[in-house]
Amino acid sequence: MNIDLHTHGKLSKKSDFSVEYFREMVSEAMANGLQALALTEHFNTSNFFGMYETLDRLYPYNGHYYEADGLRIFPGMEVDIAETGHILLIGLKEDILSVRSALEGHTREGEFIPFEELLDLADRHGLWKIGAHPFRTSTPLHHLEPQLLARLDAFDMNAKDIYMQGADTYRALIQPFAHRLGVPVIAGSDSHQCLQYGSVVNRLELDCSTVEELKAAVNRRQYSIEVSPCLHTKVKGSIMMKKLLKQMHGEAPSRDEEAEYSA
């Protein structure tokens, strides 16, 4: 089973959720050999709850994932923490929405939830906790307390960071770091644009129908990470297309995007 564990359903936080755009994302994910993905949209994106309401109208949900024209979509979100850094949470839709409601007072910079409080909140709802791009310059995680980092279920080997830093350099950073903490490493494309799918893929040794099964397979190391030989082209093409589409919608690039454009 091939799955991408860090994906986005919208072009940007400010953009509306577009059914046409998302259907294209689903189609391209499958064209790139994916059977499943985790939808980890930013928790403070515009109309977060409306996105899931639209998905409910578009696709059947079986209690664990959406069946999107043959692609399994596991609910999730990406959360900013007070200490700087992003945490991916993946689980049952009702738990994702419940945690998002609890974060209503923490959606703005300067008000983000402390890391330990988010870990406790996620654990109470049985969510899978993944440290996103732990060595990204703008939103690192490696500086946080080791005892808290060890409570994470995985770290994200992120396609954008491989693109920015190089595969060998990034592996040399993330693998010893994760090993010291006893935490596995998974792959996430971090795609906001469909060209990026397939840049990195988790190849599981078995078919998984629940987040608990996914988590168990990762904990048992019953998977491998494949980095596409076309990663640089895929990510660069996605960055350029995202820049063009944002310009068409009158959106300015973020600080991270400015760095990506110059890479």
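How many aromatic pairs does the count come to? The count comes to ten, where rings of Phe, Tyr and Trp (its six-membered ring) pair if their centres lie within 6.5 Å. This is a predicted model, in which local features need pLDDT of at least 70, side-chain atom pairs count only at pLDDT 80 or more, and totals for chains, interfaces and linings use all residues. Residues are numbered from 1 along each chain as its sequence is written, and side-chain values use heavy atoms, with hydrogens and water left out.

Select F48 and F49. Their rings form an edge-to-face pair, 5.9 Å centre to centre with 90° between the planes; planes over 60 degrees apart count as edge-to-face, under 30 as stacked and the rest as tilted. F48 is buried at 2% relative accessibility, whereas F49, at 28%, is partly exposed. Buried means under 20% relative accessible area, exposed over 50%, and partly exposed in between (1.4 Å probe, protein chains only).

Next, select Y65 and F74. This aromatic pair is tilted, with 5.4 Å between centres and 55° between planes. Y65 is buried, with a relative accessible area of 9%, and F74 is buried with 0%.

Then select K93. Its charged end sits over the ring of Y61, 4.5 Å from the ring centre; this requires NZ of Lys or CZ of Arg within 6 Å of the ring centre and within 35 degrees of the ring normal.

Finally, select M241. M241 counts as partly exposed because its relative accessibility is 30%.
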